[in-house]
Amino acid sequence: MLPDAGTMNATTAQPEPAKAKGGFPPFDQTTFPSQIFWLAVTFAFLFVVLWRVAGPRISGAISARRDKINGDLSSAEQSRKAAEAASDAYDGALSVARARANKMAEENRKVISDEIERAKAQADSEAHAAMAAADTRILASRDQAKSHMIAAAQDAATEIVRRLTGESVASGDVAAAVRTATGS
């Protein structure tokens, strides 16, 4: 005989599993006290590790960095003061050199001016001497030309009287007449 369908299901069917309560385990209210305990233990452990190990290291790094920055700032300040001192020394040396160069230039100007004045005075004296010599030559040439002119005038007067009158005149009379005519 065949068993009926109702009994078959009962014997072959598996029992229904028990329904899970609460869903997601961390939200299960029955485990809250143990979760809070382990949270407190973990927080305390991390706090002690950070306080005793990481804290001093971080504080030491910050302190070392602060010391390095302060050292760099003081070194930069010293370098700035040294640069200013070097700049002041350079400016001082430059002003001394400029003053010395100006003094040398003034001395050279004075020496050159004195040389120019001496050369000018020498040229003036040479020019005056040349002018005096030229005046002397001119006077000599004038006197010579005057004597030649008087001689030519006497010769011309003697020749004119001889041609016009046919008589010859004494040279002393001709010379006296030319002197009277020229006013010399």
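Visitor: Against what do the buried residues of H3 pack?
Guide: The buried residues of H3 pack against H2, contact being defined as heavy atoms within 4.5 Å. The model is a predicted one, in which local features need pLDDT of at least 70 and side-chain atom pairs count only at pLDDT 80 or more, while totals for chains, interfaces and linings use all residues. Residues are numbered from 1 along each chain as its sequence is written, and side-chain values use heavy atoms, with hydrogens and water left out.

Visitor: Which residues of H3 are called buried?
Guide: Val174, Ala175 and Val178 are buried in H3. The term requires under 20% relative accessible area, whereas exposed requires over 50% and partly exposed lies in between (1.4 Å probe, protein chains only).

Visitor: How do you know that the span of helix H3 agrees with its number of residues?
Guide: The expected span is 1.5 Å times one less than the number of residues. For the twelve residues of helix H3 (residues 171-182) this gives 16 Å, and the end C-alpha atoms are 16 Å apart, so the two values agree. After H3 comes Gly183, with a positive phi near 80°.

Visitor: What makes a run of residues a helix or a strand, numbered as it is?
Guide: Both are DSSP runs numbered from the N terminus: a helix is H or I with at least four residues, a strand E with at least two. The chain has three helices and zero strands, and its elements run α-α-α from the N terminus on.

Visitor: What percentage of the chain do buried residues make up?
Guide: Buried residues account for 2% of the 184 residues. The chain exposes about 15,900 Å², of which carbon and sulfur atoms supply 63%. Such areas come from the Shrake-Rupley method with a 1.4 Å probe, and for residues only the protein chains shown count as cover.

Visitor: Which residues make the nonpolar surface patch?
Guide: Phe43, Phe47, Val48 and Trp51 make a nonpolar patch of about 470 Å². Patch members have over 30% relative accessible area and no salt bridge; nonpolar side chains (Val, Leu, Ile, Met, Phe, Trp, Tyr) are joined within 5 Å, and like charges within 9 Å. Phe47, placed in helix H2, has 48% relative accessibility and so counts as partly exposed.

Visitor: What makes the meeting of Glu77 and Arg80 a salt bridge?
Guide: A salt bridge is a side-chain nitrogen of Lys or Arg within 4 Å of a carboxyl oxygen of Asp or Glu. For Glu77 and Arg80 the N to O distance is 2.2 Å, so the pair qualifies. Both lie in helix H2, three residues apart, about one turn of the helix. Glu77 is partly exposed at 31%, as is Arg80 at 38%.

Visitor: How many salt bridges does the structure hold?
Guide: The structure holds six. Among them is that of Arg109 with Glu106, whose closest N and O atoms are 2.6 Å apart. Glu106 is partly exposed, at 45% relative accessible area.

Visitor: What separates Arg163 and Glu159 in helix H2?
Guide: About one helical turn separates them, because they are four residues apart. Their closest N and O atoms are 3.3 Å apart in a salt bridge. Arg163, at 67%, is exposed, whereas Glu159, at 28%, is partly exposed. Elsewhere, salt bridges that share partners join Glu77, Arg80 and Glu84 into one network.
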